[in-house]
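Keep the structure open while you read.

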Amino acid sequence: DIGTLSITLKPVDLAVQVRAAMDTLQGLTPKVVVRPGTAAGVADPTRLRQILRNLLTNAFRYGGEKIEVRFGESAGTVWVEVADDGPGIPEAYRARIFEPYVSAHQFKGLTASVGLGLTVSRELARLMGGDLEYDHDAKDSIFRLTLGAASPARLPSSQVTGLAPTPS
């Protein structure tokens, strides 16, 4: 029933897209530190903001007191990370968090999650030629969105059509 999803790729400034996503999340922005820097990537701006809103909302709901957004680039790719100093996703769930209807958090008092946000976010990232991954280092829970760098060869807009994720 979900059908197909059209993605329009074009060069974007990741910092601009982060600010645009944060503008829609009232009450969240004072808790978020956006590190200096940016990167130019190739993405659908609307879908990119959808992913960023999901990652920031999850960090706000389930993460620690400190939320950071960081940017970088390497070998033809750019990335944006949303990191928080919370306890992280339990080890038993880390391999499954991108599967439909999997939720690793059962906190009382928070809006219930149906477990589709990360699934949809990863699928959107992949439809844009990138990926979304999770890691937990010694202090932070980190979601890293990678995209292709905006190089002269990738600058023209293109259309990509793919299937949105469906429950398994």
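## Helices and sheet

Start with the place where two helices meet: Arg47, Gln50, Ile51, Asn54, Leu55 and Asn58 of helix 2 are in contact with Gly117, Leu118, Val120, Ser121, Leu124 and Ala125 of helix 3. Sorted by type, the residues of this contact come out as 6 nonpolar, 5 polar and 1 charged. The crossing of helix 2 and helix 3 is left-handed.

Before going further, bear in mind that this is a predicted model. The chain has a mean pLDDT of 81, with 76% of its residues at 70 or more.

The crossing of helix 1 with helix 2 is right-handed.

| Helix pair | Axes come within | Crossing angle |
|---|---|---|
| Helix 1 (residues 14-23) and helix 2 | 9 Å | roughly 60° |
| Helix 2 and helix 3 (residues 117-127) | 10 Å | roughly 145° |

With axes crossing at roughly 60°, helix 1 and helix 2 are therefore oblique to each other.

How many strands does the open sheet have, and in what order? There are 5 strands, ordered 2-4-5-7-6, and the pairing is mixed. Strand 2 (32-34) and strand 6 (131-136) are at the edges; each has a single partner strand, so one side of each has no neighbour in the sheet. From one strand to the next, the twist averages 20°.

Helix 2 (residues 45-62) turns up here as well. It lies across strand 2, strand 4 (67-74), strand 5 (77-84), strand 6 and strand 7, and runs at about 25° to strand 5. So much for the overall layout; the last stop is the pair formed by strand 6 and strand 7.

Do strand 6 and strand 7 run parallel or antiparallel? They are antiparallel, and 6 bridges join strand 6 to strand 7 (residues 141-148). The two strands make a hairpin, with 4 residues between them. If you want to trace the pairing by eye, begin with histidine 136, which stands opposite serine 141 of strand 7. Then look at aspartate 135, whose bridge partner in strand 7 is isoleucine 142.

How values were computed
Residues are numbered from 1 along each chain as its sequence is written. This is a predicted model: local features need pLDDT of at least 70, side-chain atom pairs count only at pLDDT 80 or more; totals for chains, interfaces and linings use all residues. Side-chain values use heavy atoms; hydrogens and water are left out. Two strands pair if DSSP finds at least two bridges between them. Axes are lines fitted to C-alpha atoms, for helices over the stretch in contact, and angles run from 0 to 180 degrees between N-to-C directions. Contact means heavy atoms within 4.5 Å. Angles under 35 degrees count as roughly parallel, over 145 as roughly antiparallel, 65 to 115 as roughly perpendicular and the rest as oblique. A crossing is left-handed if the near helix is turned anticlockwise from the far one by less than a right angle, and right-handed if clockwise. pLDDT is the predictor's confidence in each residue, from 0 to 100. Ala, Val, Leu, Ile, Met, Phe, Trp, Tyr, Cys and Pro count as nonpolar, Asp, Glu, Lys and Arg as charged, and the others, Gly among them, as polar.
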